[in-house]
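Dear colleague,

Please find the structure below, handed over for your further work. My findings follow directly after it.

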Amino acid sequence: MAHRIDTVEGRSRLKARTPPYWQKLSTGCHIGFRKSKGTDGTWLAQAYDSSTQKQTRQSYGKLDHLPPHQQFDAARKMAEAWFEHLGRGGSTKIITVRTACERYVERLQGAGAMTNAADTEARFKRWVYPDKIGDQALTKLTRKAVEDWRHRLARTPVLTNPHTDRSLTRERSPASLNRDMAALRAALNSAYDNGEATNDSAWRVALRAIENATNRRDT
């Protein structure tokens, strides 16, 4: 191998340049490192589709929140997840949970379900967009991340009358939690159905509805 990017020592010997240094992981799949001045650099992945003869790249940034000796393995793990996503027929464009929710609202509107779209969008604005899960890429979404969101939501009190006194709250009921989870679950399933995600394991169980919840509306 002419240039080593899988070791800290190898990357330290590279000359700074705009074109990335590439390392092959498998046929048509490469991980790259674009060397900057000093020891810094950014990580990338590149996939080649022989049927279209097109290359697609995904950038992962510097990964400088990790020690240098862990960066290659982290970049490789993300790249392999992306390659698997593409191999399952997934979209080459990676979208976030928020984007998936926004597209789901647009699909509801396009189908003429305006009331449902408005109610669903309101739930997203309250519980998804302000939360860190909204910035999560679908291809990197984990069951733990979804479960953590569910637990945060379950602990969030409900306004007893949001149109008047916004200071009066009470504990969120299972029925309320089910409705808010159902909105996110529907958006993620819609993304899955449209090839924007190729695996639903992150939310299939994590967003499962609570059984025997009351039907009384409290949100």
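In which helix is the place of T120? T120 sits in helix α4. Please note that the model is predicted.

With a relative accessible area of 5%, T120 is buried, because the cut-off for that class is under 20%. Leaving aside residues up to four places away in sequence, T120 touches Y104, V105, L108 and A183.

The largest nonpolar core holds 31 residues, of which V97, F124, V128, L138, L141, W149 and L184 touch the most other members. At least two residues of this core are supplied by each of α3 (97-110), α4 (114-127), α5 (143-154) and α6 (174-193). The largest share, seven residues, comes from α6. As general background, nonpolar side chains in soluble globular proteins tend to be buried together.

As for F124, its contacts, not counting residues up to four places away in sequence, are C101, Y104, V105, Y129, P130, A183, L184 and A187. Another core, of 16 residues, lies apart from the largest one; C29, I31, F33 and L63 are among its members.

Helix α6 also contains Y192. Y192 counts as partly exposed because its relative accessibility is 35%, a value between the limits of 20% and 50%. With residues up to four places away in sequence not counted, Y192 touches A197, T198, N199, D200 and W203. Between the C-alpha atoms of Y192 and L66 there are 31 Å, and the two residues are 126 residues apart along the chain.

Yours sincerely

Definitions and conventions. Residues are numbered from 1 along each chain as its sequence is written. This is a predicted model: local features need pLDDT of at least 70, side-chain atom pairs count only at pLDDT 80 or more; totals for chains, interfaces and linings use all residues. Side-chain values use heavy atoms; hydrogens and water are left out. A nonpolar core is a set of buried Ala, Val, Leu, Ile, Met, Phe, Trp, Tyr and Cys residues joined through side-chain atoms within 4.5 Å. Buried means under 20% relative accessible area, exposed over 50%, partly exposed in between (1.4 Å probe, protein chains only). Helices (H or I, at least four residues) and strands (E, at least two) are DSSP runs, numbered from the N terminus. Contact means heavy atoms within 4.5 Å.
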